[in-house]
Amino acid sequence: MNKVIEINHPLIQHKLTIMRDKNTGTKDFRELLTEISMLMAYEVTRNLPLEEVEIETPLVKTKANIISGKKLGIVPILRAGLGMVDGFVTLIPNAKVGHVGLYRDPETLKPVEYYLKLPKDTPEREIIIVDPMLATGGSSVAAIDVLKREGAKNIKLVNLVASPEGISEVHKYHPDVDIYVASVDEKLNEHGYILPGLGDAGDRLYGTK
Ligand code: URA
């Protein structure tokens, strides 16, 4: 069964509260999302394996730890997921970045894949899917389906805000995927928006409507 890891560091809570405020504009919203993503990346990578190497300081030879060849892939779900990429790659500059684009077919209501570009060695990478909002869970489940179809074996999902309904949906179809969130909010409304939430993350990030 997947774990839900709530990363509720005071800095994250403070920044998220400003993001939720409807009076926060695009520039601040974007910067705050990057800052929170960086703080989340710190936690998400907490268990990366280390290996000891020999180095020489200006004074002596010594042994010290480096991250042990673990290859990471950051995969934003378009479009709002893009807002989390900079924070992650600032802390993990050697990570490759893939992209998954999904839209909901208005008739079948099923997610349809319209764009996919992944690192060549996706099956060997630890994949971190990023999307600020885990609402109904439909696009997250579909994105994980796509990544598994392309051979990914080790997947984490990172969201800023999640609904209990979205978490249950991911649990149901992908019990092996751990979910990292800054907040689990109350519920979804009848239009699939998270309450209290922060509105449409993509629109607030890019200043669209
Ligand atoms: N997508 C968003 O951007 N916000 C929500 O509340 C739900 C889905």
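Before we turn to that site, how much of the chain over residues 8–208 is helix and how much is strand, and how far apart are the end C-alpha atoms?

Author: The model is a predicted one, and over residues 8–208 its chain is 32% helix and 31% strand, with the end C-alpha atoms 29 Å apart. Those residues are the range that UniProt, in an unreviewed entry, lists for "domain: Phosphoribosyltransferase".

Turning to the ligand itself, the space that the ligand takes is the largest pocket. The residues around the ligand are Met-133 and Ala-135, then Gly-192, Tyr-193 and Ile-194, and finally Gly-199, Asp-200 and Ala-201. Sorted by class, this shell has five nonpolar residues, two polar ones and one that is charged.

Polar backbone atoms face the ligand at several places: one of Ile-194 is 2.8 Å from an oxygen atom of the ligand, one of Gly-199 is 2.8 Å from a nitrogen atom of the ligand, and one of Ala-201 is 2.7 Å from an oxygen atom of the ligand. Taken alone, the ligand exposes 240 Å², of which the protein buries 82%.

The records can be set beside this picture. In an unreviewed entry, UniProt places the feature "binding site" at Ile-194, Gly-199, Asp-200 and Ala-201, and the lining of the largest pocket includes Ile-194, Gly-199, Asp-200 and Ala-201. Ile-194 lies in strand β13, which covers residues 194–195. A cis peptide bond joins Leu-195 and Pro-196, with omega about -5 degrees, and Pro-196 lies in the loop between β13 and α6 (201–206).

UniProt, again in an unreviewed entry, also places the feature "binding site" at Arg-79, Arg-104, Asp-131, Pro-132, Met-133, Leu-134, Ala-135, Thr-136, Gly-137, Gly-138, Ser-139 and Asp-200. Of these residues, the lining of the largest pocket includes Arg-79, Arg-104, Asp-131, Met-133, Leu-134, Ala-135, Thr-136, Gly-137, Gly-138, Ser-139 and Asp-200. Among them, Met-133, Ala-135 and Asp-200 are also residues around the ligand. Arg-79 is found in the loop between β4 (72–78) and α3 (85–91), and a cis peptide bond, with omega about 5 degrees, joins Leu-78 and Arg-79.

Note on methods
Residues numbered from 1 in each chain as written. Predicted model: local features only at pLDDT ≥ 70, side-chain atom pairs only at ≥ 80, totals over all residues. Heavy atoms only, no water. Near = heavy atom within 4 Å. Polar contact = N/O pair within 3.5 Å; in protein donor to acceptor, adjacent residues only side chain to side chain. Areas by Shrake-Rupley, 256 points an atom, 1.4 Å probe, with all protein chains shown as cover. 1 Å grid on protein atoms, 1.4 Å probe; cavity = no way out; pocket = protein on both sides within 12 Å on 5 of 7 lines; lining within 4 Å. Sits in = over half its atoms within 2 Å of the grid points. Nonpolar A, V, L, I, M, F, W, Y, C, P; charged D, E, K, R; others polar. UniProt positions renumbered as here; feature names shortened; annotations may be inferred. Helix = DSSP H or I, 4+ residues; strand = E, 2+ residues; numbered from the N terminus.
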